[in-house]
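Here's a protein to look at together. Take a moment with the picture before reading on.

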Amino acid sequence: MGKQETTTSEREIFSISGPLHLTAVDWKNPHHRRSVAASLVQGVYILERDRQANRQGHQAQASPWWNFFHFQLIRGLIDDADHSIFGAIYEYNPHVFDCNNNAPKYIISFRGTLNKPDSRSRDLELDLKCISNKLHQSSRFHLAIQAVQDVVNFAGPANVWLAGHSLGSAIALLIGKNITKVGHPMETFLFNPPFFSAPIERIQNEKLKHGIRFASSVVKAGFALAVKGTQNQENDLHKFYALAEWIPQLFLNPADHICSEYIGYFQHRKKMEEIGASKIERLATQHSVGSLISGVLGSDSEALHLLPSANLTINLSYCPDFKRAHGIHQWWDPNFHGQSELHLFRVVL
């Protein structure tokens, strides 16, 4: 047996770093919903940290992250490759007199990459699968979607929330897409979801940025028509339409280059409609250059970030470094300063 590690950082301790201000959750309040979902994702991180540090009993730090909001842990989701805890299924157990019908019965959460010895290698392997649009081929994803389907079959999609951070949000996003395609859109909270592309959003000159995005849309639209033809494009469009009713909640920080391209992705689509170029953009937004090239090479892979609709919440607070811009703690900060914008894909038949 290895030496027991008992040291704990303050950011792992709920009584120091958690949203203690939420003594009464208003499930209709988007700030409260965001804070609870993020806290239960943090609970997965701490579960795995407890496991790796062999913290048990009073030394374990995970349970307050869900107990505070009257959830109980049903089970952790275990990766079959490294035996790390990458997700958790929580059930809401309110007080006897709490009849809040807006609360979810279950929340299924997924953590992101954890830079710890027992999980680092496997997490980085899955990060690479995200970049290459092959996350759907991983055993972790198959374990995750099976767990979600089991809960949805039991409780119904309206009673289940999905939540994830970073790599975990990529898993939740992929699950949400797959379940929506069979007619079961779910409430989904995606914190700092990865969007791997050229860092166009970091360009300060707005005209240059728009020009690059416009040229990219024209190239993708033309490439898509050349590669797939009109008939296949109609089939792709109907598949894209099937996702339009699902409106995942995306939580983004402009200073986080891993997720910030989502901001430009949706804002550009809105701008293209304003200048009368919606037909080009409707075709371009269904594809990425990488997925088109992989199709030519005989490997049909859909880029994870391609979404018809979403509700974007952007953190406008100053973040001094990437670590804080990408971190989970910002999403339950009582002084959170942000803005939200709903982006709906208009279905044209």
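Predicted model: local features only at pLDDT ≥ 70, side-chain atom pairs only at ≥ 80, totals over all residues.

Residues are numbered from 1 along each chain as its sequence is written, and side-chain values use heavy atoms, with hydrogens and water left out.

You'll find eleven helices and eight strands in the protein; these are DSSP runs (H or I of at least four residues for helices, E of at least two for strands), numbered from the N terminus. Of the 349 residues, 50% are buried, that is, under 20% relative accessible area with a 1.4 Å probe, protein chains only.

Now for the helix pair. H5 (residues 139–155) and H6 (residues 167–181) have axes that come within 10 Å and cross at roughly 55°. The axes are lines fitted to C-alpha atoms over the stretch in contact, with angles from 0 to 180 degrees between N-to-C directions. Residues in contact (heavy atoms within 4.5 Å) include Val-148 of H5 and Ile-175 of H6.

Val-148 and Ile-175 turn up again among the residues with the most contacts inside the largest nonpolar core. A core is a set of buried Ala, Val, Leu, Ile, Met, Phe, Trp, Tyr and Cys residues joined through side-chain atoms within 4.5 Å.

| Core | Size | Residues include |
|---|---|---|
| Largest | 49 residues | Ile-108, Phe-110, Leu-250 |
| Second, separate | 33 residues | Phe-14, Leu-22, Ala-38, Ile-107 |
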